[in-house]
Amino acid sequence: MALDLLKDPNIISPSSVFYFLLFPSILLWFMYWRLSRRHLYELAAKLPGPKGLPIIGHLFDFVGPAACVYKTVVRKSAEFPYLAKLWIGPKLLVFIYDPRDVELLLSSQVYIDKASEYRFFKPWLGDGLLISTGQKWRSHRKLIAPTFHLNVLKSFINLFNENSKNVVRKLETEIGKTFDCHDYMSEATVEILLETVMGVSRKTQDKSGFEYALAVMKMCDILHLRHRSIFLRNEFIFTLSKYYKEQGRLLNIIHGLTKKVIKSKKQAFAKGARGSLAEHELNENGELVVNNANENKGQSHTDDELTTAVEGLPFEHSSGLLDDLNIEDNCVGEKKRLAFLDLMLESAQNGALITDTEIKEQVDTIMFEGHDTTAACSSFFLSLMGIHQHIQEKVVTELNEIFGNSDRPVTFQDTLEMKYLERCLMETLRLYPPVPVIARELQEDLKLISNNYIIPKGATVTVTTVKLHRNPLIYENPNVFDPDNFLPERQVNRHYYAFIPFSAGPRSCVGWKYAMLKLKILLSTILRNYRVYSDLKESDFKLQADIILKREEGFRIRLERRML
Ligand code: HEM
């Protein structure tokens, strides 16, 4: 009888059986899924956070322009002093901003996996240092970290000076006008990276670094949009969208530059050239010659700069940052003193330490990490100098004490004496950290120190540096730009992890010493030549917590020539 019913197409068709079974299957799957996440839900229920909507949680808070999302998240987490949880659909996000908890997370060797959102970087950065994990990350970090040793950085000082003077020359066309200084900072940063870390001459580029910088900025917009859009997070839907095509176009520009950089460096390398090609060039016969244009670029290396002694920047001591980079400092062999791309090519030549594809991924990673962050920091710094004229005057007084009336280039020793400028830089990084959030996906539960909360395995933990750095329990006037926050006596009792613009622990920024040295030379050169003004106040800033912190309205300043 039953068989007869099944055979009768008017009563039970195969499709009706399918639909009949579909509903219980989905229900069963859903029950299994909920049960498998029971641990997550139980622990999450105990965590504090603003109330969200059923099922979708706070999804709508992440929809809209980046500046609004930033404001909403800051506002909603304001009443939670230690941490705040948010649900975005089924995804549990926990924001932490107590330095003791931050230390627990960042200093650990267990919680080193980046959040799943970093996967959107894959087509761009592949398995580069920023997103890789496990053994690959460990071995590449060990290889790359020493290329940012202070002795390597000191050999870049001439190029930092030359490029800074170049920026000052370019800025001449803007004197008296209101303009966005981020464009200039971005282009300069790309060019400096190419000449120093990558060791290729600026002249090897067909177009300016500005085109690359612009493509990076637009790529970040797409990635940030994918973070916020529930639809675009899905790979299939993304490939159907207009953004996918745009991403392809931008990656062509970005990868075009990195491929060209590697190619020209490889050609020179094969002919025995080592070090920056901005200082050494190959002539038509393929012989290595000193680039005459660079012969008088600035001061030659002084004994001080070439010293093999391990010296830190004052910032290192004052911030109390501890990471594997300091440990590396103690065991630097001859080979480890090569600059980044030289070492990558040498390692590829000498064995299986790194493949060609991996070199490309690391070049893309360093170009991105090294450029957008420093461009944002220098743009915030100049804006703040324009707003706080009396602080700018103090910086310039210090610079006058160091340089007098001379327009000589900056030496390494000078950078050590720029103590007030350094405090201004650190205060800029405190209030406007270029990397506003650092996110990890937990593979193990994390028991916090503050209030004994446990964040469950499977959650995404977000260290919100913008909030951590403005904690009123740590900084007296947390929202006021006050470089004296970094006076030694004010720092002495402050928790190490209360100021982490470069992150900290095993996954901290490999380029922070490079960044600080370069920023000091670039910004001091600009301030020695120009007085900066801003028509906007800090309260006018529309912060955009993108992948890199920016101002929605741009970094608009005005310049006037300073008489030496
Ligand atoms: C003001 C400038 C800079 C800031 C504020 C900054 C900040 C950071 C932060 C917060 C991280 C950790 C990111 C995370 O865990 O998600 C990081 C990682 C990294 N940074 Fe920087 N950075 C700066 C400049 C540079 C420069 C100049 C370079 C290289 C030339 C660089 C290379 C890297 C790399 C390769 C990583 C990944 C390290 C790893 O995961 O092992 N950064 N940076």
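Student: What makes Cys509 count as buried?

Tutor: The model is a predicted one. In this model, Cys509 has 22 C-beta neighbours inside 10 Å. The cut-off for a buried residue is 20 or more. The value of 22 meets that cut-off, and Cys509 is therefore called buried.

Student: Where is Cys509 placed, and which residues is Cys509 in contact with beyond its neighbours within four places in sequence?

Tutor: Cys509 belongs to the loop between helix H24 (488–491) and helix H25 (512–529). Once the neighbours within four places in sequence are set aside, its contacts are Phe502 and Ser503. The UniProt record, an unreviewed entry, places the feature "binding site" at Cys509.

Student: Which residues of the shell are the closest to the ligand?

Tutor: The closest are Glu369, Gly370, Thr373, Cys509 and Gly511, among 23 residues that surround the ligand.

Student: Which helix supplies the largest share of the shell around the ligand?

Tutor: Helix H19 does, with seven residues. Helix H19 (356–387) and H25 each contribute at least two residues to the shell. By residue class, the shell holds 14 nonpolar, six polar and three charged residues.

Student: How do you know that the span of helix H9 agrees with its number of residues?

Tutor: Helix H9 covers residues 157–171, which is 15 residues. The expected span is 1.5 Å times one less than that number, so helix H9 should span 21 Å. Its end C-alpha atoms are 21 Å apart, and the two values therefore agree.

Student: Which residues of H9 are buried?

Tutor: The buried residues of H9 include Ile157, Leu159, Phe160 and Val167, together with Asn158, Asn161, Glu162, Asn163 and Ser164.

Student: Which residues have the most contacts inside the largest nonpolar core?

Tutor: They are Val94, Ile96, Met198, Phe340 and Phe381, in a core of 129 residues. The largest share of this core, 13 residues, comes from H19, the helix that also gives the largest share of the shell around the ligand. Ile96 touches Leu83, Asp101, Val102, Leu105, Val461 and Val463, leaving out residues up to four places away in sequence.

Student: What is the secondary structure of the protein chain, and how much of the chain is buried?

Tutor: The protein chain has 25 helices and 13 strands. Of its 564 residues, 42% are buried. Among contacts in the protein chain with a separation of 6 or more, 77% join residues 24 or more positions apart.

How values were computed: Residues numbered from 1 in each chain as written. Predicted model: local features only at pLDDT ≥ 70, side-chain atom pairs only at ≥ 80, totals over all residues. UniProt positions renumbered as here; feature names shortened; annotations may be inferred. Buried ≥ 20, exposed ≤ 12 C-beta atoms within 10 Å, placed from the backbone. Contact = placed C-beta atoms within 7 Å. Near = placed C-beta within 6 Å. Nonpolar A, V, L, I, M, F, W, Y, C, P; charged D, E, K, R; others polar. Core = buried A, V, L, I, M, F, W, Y, C linked by C-beta atoms within 7 Å.
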